[in-house]
Amino acid sequence: MYQTAGVEQRPTLAPACWLSGQIDQRTLRNEDATAVVRDIGAGTISRWLLAWLPLMQGGAEPGIIEAWKREARKEPGERDRGILGHLTLTFADLAGGLSEWQRGLEGWGMVKSPYLEQLREEVRAEGRAEGRAEGQLEALRETVLQLGRRKLRKAAGRTHKARLEALTDLARLERIRNRILEADSWADLLDTP
Amino acid sequence: MVKSPYLEQLREEVRAEGRAEGRAEGRAEGQLEALRETVLQLGRQVFRKAAGRTQKARLEALTDLARLERIRNRILKADSWADLLDTP
């Protein structure tokens with residue numbers, strides 16, 4: 001089950017200093033998911049190995065998914081539970097067992113992932129800037145329609161509304177708004193450069 | 001960075017949700033800003049007097065879009081800044 005390899009580094013500049021180590025390579029597809037989850041439960045191996053269960057033998061079986069949930073619930077931090085959940089689904093996807101795991105983890109609390117929350121905040125800022133411009137345009141168009149009707153004693157016709165709707169230049173809409181009191185017709189108002 | 005359709009889908013969902021949330025927040029902010037500025041600009045023309053510091057502060061504190069719209073719609077009828085800003 002293990003493949004091993006040694007590593008050794010001896011820098012020529014300081015031969016008295018050297019580093020050596022041994023690497024054990026484990027092939028997860030040969031591991032038994034039931035045994036791993038049992039060892040996690042017994043506390044002899046790290047709970048973070050739960051994320052690799054989908055890659056192991058029997059890793060998409062309902063009993064394993066239930067055992068995953070039982071053990072994952074013991075993780076005290078919501079953030080860590082979220083990371084564990086997303087990692088597990090990522091590996092489940094790579095192992096071709098995503099639908100079983102998604103079904104199994106449905107409703108399981110793993111909503112927070114720092115990476116995804118950061119991504120959400122980044123796009124939220126972009127969306128906010130777009131939304132602000134849209135909101136300003138909408139409010140200005142509506143202002144021109146409302147106050148223009150009161151000042152000119154006549155609602156804007158279809159053509160005027162269409163002209164107004166087509167305007168996306170905020171500065172020009174502001175100039176139109178600022179001329180509402182002096183304009184003497186819809187055409188005059190909307191001709192504001 | 002791990003590439004997987006699951007992660008891609010998740011990222012897309014989060015992107016779409018975040019953008020929609022931000023857009024809705026920004027839209028409301030933009031409407032409020034434009035309405036406050038409208039009241040200041042047109043109020044100055046109608047009353048031949050710019051809003052004072054207290055009136056600006058009252059306007060700045062307003063976050064009720066519907067009330068700001070009612071204030072805007074009364075600009076041509078109101079006879080003073082105080083009257084205008086007292087619009088319920």
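Gln55(B), leaving out residues up to four places away in sequence, touches Trp81(B) and Leu85(B) in this predicted model. The residue is found in helix α2 of chain B, which covers residues 53-61, and from there Trp81(B) is 26 residues away in sequence, although the two C-alpha atoms are 7.3 Å apart in space. Gln55(B) has 19 C-beta neighbours inside 10 Å and therefore counts as partly exposed, since a residue is called buried only if 20 or more other C-beta atoms lie within that distance of its own.

Chain A is made up of eight helices and two strands, and when it is read along the sequence the order is β-β-α-α-α-α-α-α-α-α. Of its 193 residues, 29% are buried. Among the contacts in chain A that have a separation of 6 or more, 59% are between residues 24 or more positions apart.

Within chain A, the pairing of α5(A) with α7(A) can be followed in some detail. The two axes come within 10 Å and cross at roughly 25°; because angles under 35 degrees count as roughly parallel, α5(A) and α7(A) are described as roughly parallel to each other. The crossing in which α5(A) passes α7(A) is left-handed. On the side of α5(A), the residues that meet the other helix are Ala133(A), Gln136(A), Leu137(A), Leu140(A), Arg141(A), Thr143(A) and Val144(A), while α7(A) brings Leu170(A), Leu173(A), Glu174(A), Ile176(A) and Arg177(A). By class, the residues of this contact between α5(A) and α7(A) comprise seven nonpolar, two polar and three charged.

Val144(A) deserves a separate look. Setting aside neighbours within four places in sequence, Val144(A) is in contact with Leu164(A), Ile176(A), Arg177(A) and Ile180(A). Val144(A) also belongs to the largest nonpolar core, a set of 22 residues in which the members with the most contacts inside the core are Leu140(A), Val144(A), Ile180(A), Leu35(B), Val39(B) and Ile75(B). Two or more residues of this core are given by each of α5 (114-152), α7 (170-178) and α8 (186-190) of chain A, together with α1, α3 and α4 (81-85) of chain B. Another core lies apart from this one; it has 21 residues, among them Ala51(A), Ala60(A), Trp68(A) and Ala72(A).

The contact between the chains takes 35 residues from chain A and 36 residues from chain B. On the side of chain B that touches chain A, α1 (5-47) and α3 (65-73) each supply at least two residues, and the largest share, 30 residues, comes from α1(B). That side of chain B divides into 15 nonpolar, ten polar and eleven charged residues.

One place where α1(B) meets chain A is its packing with helix α3 of chain A, residues 78-94, where the axes are 7 Å apart and the angle is about 130°. With that angle, α3(A) and α1(B) are therefore oblique to each other. Leu89(A), Thr90(A) and Asp93(A) of α3(A) make this contact with Pro5(B), Tyr6(B) and Leu7(B) of α1(B), and the residues of the contact of α3(A) with α1(B) divide into four nonpolar, one polar and one charged.

Methods:
Residues are numbered from 1 along each chain as its sequence is written. Chains are lettered from A and ligands numbered from 1 in the order in which they are written. This is a predicted model: local features need pLDDT of at least 70, side-chain atom pairs count only at pLDDT 80 or more; totals for chains, interfaces and linings use all residues. Two residues are in contact if their C-beta atoms, placed from the backbone, lie within 7 Å. Helices (H or I, at least four residues) and strands (E, at least two) are DSSP runs, numbered from the N terminus. Ala, Val, Leu, Ile, Met, Phe, Trp, Tyr, Cys and Pro count as nonpolar, Asp, Glu, Lys and Arg as charged, and the others, Gly among them, as polar. A residue is buried if 20 or more other C-beta atoms lie within 10 Å of its own, exposed if 12 or fewer, and partly exposed in between; C-beta atoms are placed from the backbone. A nonpolar core is a set of buried Ala, Val, Leu, Ile, Met, Phe, Trp, Tyr and Cys residues joined through C-beta atoms within 7 Å. Axes are lines fitted to C-alpha atoms, for helices over the stretch in contact, and angles run from 0 to 180 degrees between N-to-C directions. Angles under 35 degrees count as roughly parallel, over 145 as roughly antiparallel, 65 to 115 as roughly perpendicular and the rest as oblique. A crossing is left-handed if the near helix is turned anticlockwise from the far one by less than a right angle, and right-handed if clockwise.
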